[in-house]
Amino acid sequence: MERILVTGAASWIGGRCVQTLERDHEVIAVDEFTPRLEFEAPFHRFSLDSLDFAHFLIRAQPTTVLHLQTLDRSAELGSARANEGVVLGGQALFGAIARTPAVRHVVVKSDTAVYSTGPRHASVLDETTRITGRATRYERNLRDIERFVTEVSGELPGVDFTVLRLASIVGSAVGNPLSRYLTLPTVPVMLGFDPRLQFIHEDDAAAALIYACHSPAPGVFNVAGDGILYLSRVLRLGRRIPQPLPSPQLRRARRLLASIGGPRLGQHTANLLRYGRFTQNVRMRTDLGFEPARSTREAVARMYMP
Amino acid sequence: MTDRLTAMLTGLNKAELRNLADAAGLSLGSRATKADLIEALSDHLRTDEPTDAPEPHGPPRCSQRTGGHPCGLPAADETDRCGLHGGFDVVDLARPVAGRLGFDTWPALIRQLALASYDTDPLGLDPVISDMFWRLLSFLYLDYFRVNVEGAHHIPESGPGVLVGNHAGAALPYDGAMLAMAVAHEAPVGRRVRLIGTEIFNMLPFVSHLYRKTGAAYASREDARWILGEGHLLGVFPEGVAGFQKSQDQAYKTQRFGRGGFVELAMHSGAPIIPVAIVGGEEVHPVLFTSKRLAQLVRLVFPEQRVEQMAVWLNPIPLPVKWHVRFLEPIDVGPARTTIDRLAVLEMAEHVREQIQAALDDMLEHRQGIF
């Protein structure tokens with residue numbers, strides 16, 4: 001029986017984590033939006049970058065902190081506000097953790113986007129790969145948050161910090177921009193580019209975070225389904241028609257799509273859909289001990305046929 | 001077994017093959033390519049072997065089903081499965097999954113492609129797409145450039161190896177393709193050479209994914225380590241752009257071998273280094289002059305490229321030069337280790353460069369004409 005504080009509980013992943021964790025633990029859910037899923041745990045509405053939240057955390061004395069509010073929320077908030085909130089929120093959170101002696105274990109949701117992507121990126125990335133190169137705003141935020149974790153974990157030897165770099169989450173329920181984009185009836189893609197993509201199913205993403213809360217394994221782990229799929233193959237599996245467009249027209253098409261209520265892709269996702277990325281998930285099995293239920297291919301199949 | 005037969009036939013030149021075919025009473029048109037001759041002869045030689053039961057419907061097909069239909073691709077020897085369904089290791093062996101059947105298996109290939117029924121490896125090797133290039137590259141290799149290969153027995157039959165070649169040419173990296181085809185066609189065990197190239201390949205439309213699907217990767221430490229760690233053959237041209245864009249008077253003069261990254265990789269994985277001397281690449285697109293201005297333009301688009309000069313050439317169609325590829329004695333770098341002696345790396349790189357240069361000089365001396 002632990003007391004677990006979950007930030008970002010309003011998102012679908014956050015809701016799933018709270019629903020599962022509250023069966024065995026005392027859960028405190030925090031977010032600044034109305035939760036998408038229903039759960040019984042007490043919900044507190046805080047903006048993470050406010051000092052109120054930091055003081056609340058110190059008073060609540062949790063033993064485990066599950067930090068999920070590192071998601072890309074630019075779709076909901078507009079990019080400037082969302083990005084500032086993530087980094088400031090992280091700063092406030094880790095500051096408060098340093099002042100809360102009860103905390104034993106911190107799990108942070110990161111993203112393989114932290115490696116960023118581009119023509120000069122290695123095709124096979126692992127946790128030891130030095131993270132360099134130009135990054136979009138979201139990717140810079142993730143790097144900042146991971147830097148906070150390294151700094152704070154050096155200062156607090158008694159606390160285990162687990163960072164999970166989740167691959168692109170897809171599924172029929174999670175409703176993130178990438179999943180919505182890939183399930184459009186016809187998908188605009190960049191002419192002449194066919195990126196290698198790696199996914200994790202929404203259920204596996206939630207399961208990995210819950211698993212990490214239960215079994216403290218300090219360190220950074222890539223969490224991804226096995227295998228890769230080219231974008232063209234993803235669309236073929238989903239029987240979607242690709243719509244190849246040159247770069248400027250593609251940008252215009254995506255803007256148009258967003259303006260009529262379609263998914264709004266962040267710059268990091270747009271880059272991913274041009275250059276692709278593959279991360280090795282060996283340490284996820286050997287050191288963390290987590291086994292995803294679905295491979296990349298199965299996750300995609302599940303997204304199209306829930 | 002069939003591979004050795006094919007490899008043996010590939011080693012002969014076209015005139016010899018034609019004599020053999022005439023002696024065997026095979027009637028092939030005068031337009032038959034070397035690939036056709038090899039195919040007809042190996043079929044003929046194999047049907048001479050006594051078989052217990054005749055095959056009524058051609059060679060055995062794969063027993064697996066995809067998307068509710070029979071797979072339709074030929075099964076590998078001694079199994080009932082094709083390469084895509086685990087009949088042989090498609091990632092390591094350079095054996096076309098469509099076998100030598102040719103165009104009658106294209107519908108099956110296209111169906112596999114459309115259904116996305118098979119997996120690609122992390123670097124993105126797509127066995128079906130690379131099969132579709134197999135015919136074109138085989139034509140270039142056997143009939144157009146008529147590549148003559150020496151020392152193919154030096155290529156390891158299994159396990160990792162680093163093939164180091166001299167870079168040449170100005171338009172397209174034909175030498176990489178010919179190196180890969182030489183290993184695929186003539187080695188005791190035809191294997192895939194996983195070539196690594198600069199980021200320009202990642203940036204160009206269409207090239208960006210096709211080069212990956214045919215098994216190549218980006219020239220980075222991580223990619224190369226993955227290739228060697230999985231026990232595949234790595235193909236590198238350490239001279240890089242410096243070897244690719246040089247004036248005609250520099251032809252077959254090896255440039256500096258980078259920073260010896262390939263030696264470090266070999267030492268890390270304990271893989272042998274096999275130097276390869278390639279003659280022919282420099283005359284395919286004869287260089288008229290080199291331009292520093294053009295290089296400046298290229299650097300504007302690809303700022304990280306260390307390109308000093310760009311070669312200017314005229315012929316849009318590559319000249320049908322006769323190529324020679326010589327695989328040299330493998331160099332054992334000792335067991336895999338983590339600490340690397342930096343000076344030893346540079347010495348080894350220089351040693352490899354000298355060996356390749358010596359082989360090149362020898363081959364050029366004995367070459368009878370360019371074509």
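In chain B, helix H9 (residues 221-229) packs against helix H11 (residues 261-269) at about 40°, with the axes 10 Å apart. The model is a predicted one: local features need pLDDT of at least 70, side-chain atom pairs count only at pLDDT 80 or more, and totals for chains, interfaces and linings use all residues. Residues are numbered from 1 along each chain as its sequence is written, while chains are lettered from A and ligands numbered from 1 in the order in which they are written.

**The H9(B)/H11(B) pair**

- Axes here are lines fitted to C-alpha atoms, for helices over the stretch in contact, and angles run from 0 to 180 degrees between N-to-C directions. Helices (H or I, at least four residues) and strands (E, at least two) are DSSP runs, numbered from the N terminus.
- H9(B) and H11(B) cross in a right-handed way, meaning the near helix is turned clockwise from the far one by less than a right angle.
- H9(B) brings Ala224(B), Arg225(B), Leu228(B) and Gly229(B) to the contact, and H11(B) brings Leu265(B), His268(B) and Ser269(B). Contact is taken as C-beta atoms, placed from the backbone, within 7 Å.
- By type, these contact residues are three nonpolar, three polar and one charged (Ala, Val, Leu, Ile, Met, Phe, Trp, Tyr, Cys and Pro are nonpolar, Asp, Glu, Lys and Arg charged, and the others, Gly among them, polar).

**Where chain B meets chain A**

- Chain B puts 21 residues into the contact and chain A puts in 20.
- On the chain B side, H7 (200-203), H8 (207-213), strand E6 (217-218) and H9 each supply at least two residues.
- H9(B) has the largest share of that side, with three residues.

**Nonpolar cores**

- The largest nonpolar core has 152 residues, and those touching the most other members are Val6(A), Leu209(A), Val223(A), Val162(B), Met178(B), Leu179(B) and Val183(B). A core is a set of buried Ala, Val, Leu, Ile, Met, Phe, Trp, Tyr and Cys residues joined through C-beta atoms within 7 Å.
- Helix H6 (residues 174-186) of chain B gives the most to this core, nine residues.

**Pro242(A)**

- Strand E13 (residues 241-245) of chain A holds Pro242(A).
- Pro242(A) is partly exposed because 17 other C-beta atoms lie within 10 Å; 20 or more would be buried, 12 or fewer exposed, and in between is partly exposed, with C-beta atoms placed from the backbone.

How values were computed:
Two residues are in contact if their C-beta atoms, placed from the backbone, lie within 7 Å.
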